[in-house]
Amino acid sequence: MSKFLSGIETIGNKLPDPFFIFVYLAVFVMVLTFIVNQFDVTVVHPGTGEELAIKSLLSGEGLQFILTEMLSNFTGFAPLGLVLAMMLGVGLADKVGLLETAIKKSILGTPKSLVTYAVFFIGILGNIASDAAFVLVPPLAAMVFYTVGRHPLAGLAAGFAGVGAGFSANILIAGTDALLAGITTEAAKAIDPSFVVSPVDNWYFMSVSTVLLTLVGGFLTEKVIEPRLGKYDGDLKKNFEPVSAIESKGLRNAVIAGLAYIALLLTIIFLPDSPLRNEEGGMIPSPFLSGIIPIVLLFFVTIGTAYGVTVKKITKSADIPKYMADSMKDMAGYIVLIFAASQFIAYFNWSNLGTWIAVNGAEFLSSINLTGIPVIIGFIILVSILNLLIFSGSAQWALLAPIFIPLFMLLDYNPAFIQAAYRIADSTTNIITPLNPYILVVLAFMREYDKKAGLGTLISLMIPYSMVFLVIWVVLLFIFGLFGIPIGPGIEMYL
C-alpha cells in the first residue's frame with residue numbers, strides 16, 4: 001500500500017496545475033477537431049434529428065468563435081455566478097466567525113456518548129465552510145476525544161473522515177451543489193440546450209446520505225478505529241479555547257435571525273397565490289426552487305450579520321461588504337480555473353465533438369450490453385481512481401461532465417443522478433489521496449499527539465472509512481434509483 005500511494009503521489013505531482021490541464025485540453029480539442037473535420041464526420045443529434053458536422057476550431061469560423069465568444073464563454077458559464085453569489089453569504093458568515101463558533105459549540109456541547117456521531121455530523125455539515133472545515137474540525141475532534149479520556153487520534157480520524165469522505169453530503173444547500181449543478185447544466189446542453197440541473201436536484205439524496213454516513217462513520221470509529229489504536233498513553237497536555245459568552249450570545253442571535261428568516265419565507269410560500277409557487281400551486285418546478293441560490297445567500301447574510309453585530313465584528317454597515325470582499329479573495333483561484341475550464345467546455349460543445357463522442361459511446365455501451373447498474377459502477381470506479389490524481393472536485397467534474405453527461409443522457413439517465421454518482425466517488429477517496437493538500441495539515445495535528453505518526457499511519461486509519469463509505473453510499477444510490485425514490489425535487493434515476 002505504501003508503494004502504491006507513493007506511486008500515486010509521484011504521478012500526481014507530475015501533473016500540471018489544473019488551469020494548464022484545461023489549457024492543454026483546449027489545444028488538444030482544437031487539433032482533434034481539425035483532424036476529424038478532414039474526414040467529413042457527422043453525427044445525428046439525438047434530440048433534434050439534425051445531422052451535425054464536426055466543426056474545426058482551426059478554421060476561419062473556429063477562430064471567430066474562439067475570439068468573439070471568449071468573454072461570454074467565461075461570464076456566461078453557469079457555475080461562476082452560482083458559486084460566487086453563494087459565497088457572498090457563506091463567506092460573510094465565515095469571516096465574522098459564525099461557522100467556527102457553530103462547529104465548536106456543537107461538538108463541545110454534545111453528551112459524551114454521542115461525541116463520535118456529533119463529530120461526523122458536524123464534519124459532514126462543515127463543507128458549508130468549504131475547505132476551511134479540513135482545518136477546523138479534525139483538531140477540534142481530537143481535543144474533544146482527549147478531554148473525555150478517549151484516544152485523540154480516533155477523534156482526529158473521525159473529524160477528517162467526516163469532512164473529507166463526506167464532503168459532498170449535507171442537509172443544507174451548499175456551494176458544492178451550486179458549483180456541480182452549473183457544470184452539469186453546461187454539459188447537458190450538448191444534448192438538450194434547454195436542460196437545467198438545479199442546485200437542489202441532489203438534495204433529498206444528500207440529506208439521507210448525511211444521516212447514513214454519520215451512523216456508519218460513528219460505528220467504524222468506535223468498533224474498528226479506536227480499538228485498533230488502543231489506550232492513549234501520551235503525555236501531551238492540551239486545553240480548549242472555550243466558546244466565550246459573547247460568541248454564545250452571537251450564535252443565539254444568529255439562530256433567532258435564521259428562524260425568523262425561515263418563518264418569513266414559509267409565510268410567503270403558503271400565501272394564497274404565492275409568487276414562489278408555480279401556476280398550479282405546486283413546488284416542482286417553482287420560482288422557489290429556481291431561486292434557491294438567492295434565498296440561501298440571503299439566509300447566510302441574515303445570520304452572519306446577526307452574529308457579526310453581536311460580537312462587534314460588524315460595527316457599521318460598511319463592514320458587511322468588506323467581509324464579503326474578503327471572502328471573494330479566497331475565490332480568486334477558482335475564478336482563474338473557471339476561465340480555462342469554460343473555454344474547454346465551450347470548444348467541446350461548439351465543435352459538436354461532445355455530441356459525436358456521446359452518441360457513439362452510448363451505441364457502443366448498448367451493443368455490449370453495458371448498461372444499467374454495471375455502467376454506473378464502472379463510472380464510479382473510474383472517478384474514484386481519477387480522484388487519486390486530481391483532488392479538485394470542480395476541476396475533475398469540469399473535465400468529465402462534457403463527456404459522460406451527454407453519454408448517459410443518451411442512455412436515458414438523468415444528469416442529476418449521474419452527478420450524484422460522481423459526488424460519491426469524488427468524496428470517498430478524498431481522504432486517501434496523497435494529493436489532498438490537507439493531508440499534511442492533518443498529519444501535523446496528528447504529530448502533536450504521536451511524534452512517530454507518518455503518512456502511512458494516517459492513510460491506514462482512513463482506508464476503512466473510504467472503502468466502507470464507497471460501498472454503503474453506492475448501495476444507497478441504487479436503492480433510490482431502483483425504487484424510484486426522488487434524489488431531489490422531481491428527480492429520479494431516468495429521464
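## Aromatic clusters and pairs

Phe379, Phe404, Phe408, Tyr413 and Tyr494 are joined by ring pairs into a cluster, in a structure that is a predicted model. Across the whole structure, a search finds 23 aromatic pairs. One of these is formed by phenylalanine 120 and tyrosine 465, whose rings lie 5.6 Å apart centre to centre with 50 degrees between their planes, so that the pair counts as tilted.

## A second pair involving helix α22

Phenylalanine 205 and phenylalanine 480 form an edge-to-face aromatic pair, with 5.2 Å between the ring centres and 90 degrees between the planes. Phenylalanine 205 lies in helix α11 (residues 203–229) and phenylalanine 480 in helix α22, so this pair ties together parts of the chain that are 275 residues apart in sequence. Phenylalanine 205 and phenylalanine 480 are both buried.

Helix α22 also holds serine 460, which is partly exposed, with a relative accessible area of 25%. The C-alpha atom of serine 460 is separated by 8.5 Å from that of isoleucine 432, a residue 28 positions away along the chain.

## Packing of helices α19 and α20

Two packed helices are described by the angle between their axes and by the distance between those axes. Helix α19 (residues 393–410) and helix α20 (residues 415–428) pack at an angle of about 140 degrees, and their axes are 10 Å apart. The angle makes α19 oblique to α20, because only angles over 145 degrees count as roughly antiparallel. The crossing of α19 and α20 is right-handed.

On the α19 side, the contact is made by Gly393, Gln396, Trp397, Leu400, Ile405, Phe408 and Met409, while α20 contributes Pro415, Ile418, Gln419, Tyr422 and Asp426.

## A charge over a ring

Lysine 322 lies over the face of tyrosine 323, at 4.9 Å from the ring centre.

Notes. Residues numbered from 1 in each chain as written. Predicted model: local features only at pLDDT ≥ 70, side-chain atom pairs only at ≥ 80, totals over all residues. Heavy atoms only, no water. Phe/Tyr/Trp six-rings, centres within 6.5 Å; stacked < 30°, edge-to-face > 60°. Helix = DSSP H or I, 4+ residues; strand = E, 2+ residues; numbered from the N terminus. Buried < 20%, exposed > 50% of the residue type's maximum accessible area, 1.4 Å probe, protein only. Lys NZ or Arg CZ within 6 Å of the ring centre and 35° of its normal. Axes fitted to C-alpha atoms, helices over the stretch in contact; angles between N-to-C directions. Parallel < 35°, antiparallel > 145°, perpendicular 65-115°, else oblique. Left-handed = near helix turned anticlockwise from the far one by under 90°. Contact = heavy atoms within 4.5 Å.
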